[in-house]
Amino acid sequence: MLRPATDADSAKVLEWRNHPEVRAVSLTQHEISAEEHASWWKATESTESREVYIFERHDVPSGVVTFFDIDRDDRSAWWGYYLDNSGLSERGELLPAWIEIQRQAKRFAFEQLDLDTLEGEVLEANDAVRRFNRRNGFAEIGTSVRDVDGTATTVIHVRATRD
């Protein structure tokens, strides 16, 4: 289930984002400071083009999905997500949660947010996510080389459209 994030979720979201496994596959890999996170959180609350949802698995907050650059006229948005890797691993639920969050988020984007197009990015080296994206209807539509914390890194642009 996805539910709107609240201020009570902020600390957990930062903890999940700073997990080493999450940082390793992110476009910014440094550890996010409390101040940086607070600034992002506050800006998110006041921006209509960004929405943050908490993914709950078995009624336990287990991840976060962010839809951003939401264009309601064009019915499109970008998205990203990450999980509570530590908690889910301890419960032996990381892989099923990873499958579930992406499927729920995509369905939510098309059915609840009424989008026609969902865009995302994935590091070229992240083969597991690339394969899973393809299985879930995301096409790889382009690449770019970006600076990811001081390293030139190939980033793949993916897109899914409403069925």
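## Charges and salt bridges in a predicted model

E51 is buried, with a relative accessible area of 18%; the model is a predicted one.

Me: Which residue does E51 meet in a salt bridge?
Reply: R72; the side chains come to 2.4 Å, N to O. E51 sits in strand β2 (residues 51-57), and R72 in the loop between β3 (60-71) and β4 (76-83). The pair links distant parts of the chain, 21 residues apart.

Me: What does R75 pair with?
Reply: R75 forms a salt bridge with D116, and their closest N and O atoms are 3.3 Å apart. R75 lies in the loop between β3 and β4 and D116 in the loop between α5 and β5 (117-123), so the pair ties together parts 41 residues apart in sequence.

Me: How accessible are R75 and D116?
Reply: R75 is partly exposed at 29%, and D116 is partly exposed at 30%.

Me: Where is R3 in all this?
Reply: The R3 side chain meets that of D9 in a salt bridge, 2.8 Å from N to O. R3 and D9 are both buried.

Me: How many salt bridges overall?
Reply: The count is 16. R57, R91, E93 and E100 are linked in a network of them.

Me: Switching to the surface. Which residues form the positive patch?
Reply: R103, R107, R131 and R135. Helices α5 (94-111) and α6 (127-135) each supply at least two residues of that patch.

Me: Where does R107 sit, then?
Reply: In helix α5. R107 counts as partly exposed, because its relative accessibility is 43%.

Conventions
Residues are numbered from 1 along each chain as its sequence is written. This is a predicted model: local features need pLDDT of at least 70, side-chain atom pairs count only at pLDDT 80 or more; totals for chains, interfaces and linings use all residues. Side-chain values use heavy atoms; hydrogens and water are left out. Patches are made of residues with over 30% relative accessible area and no salt bridge: like charges are joined within 9 Å, nonpolar side chains (Val, Leu, Ile, Met, Phe, Trp, Tyr) within 5 Å. Accessible areas come from the Shrake-Rupley method with a 1.4 Å probe; for residues, only the protein chains shown count as cover. A salt bridge is a side-chain nitrogen of Lys or Arg within 4 Å of a carboxyl oxygen of Asp or Glu. Lys and Arg count as positive and Asp and Glu as negative; His and the chain ends are not counted. The place of a charge is taken as NZ of Lys, CZ of Arg, CG of Asp or CD of Glu. Helices (H or I, at least four residues) and strands (E, at least two) are DSSP runs, numbered from the N terminus. Buried means under 20% relative accessible area, exposed over 50%, partly exposed in between (1.4 Å probe, protein chains only).
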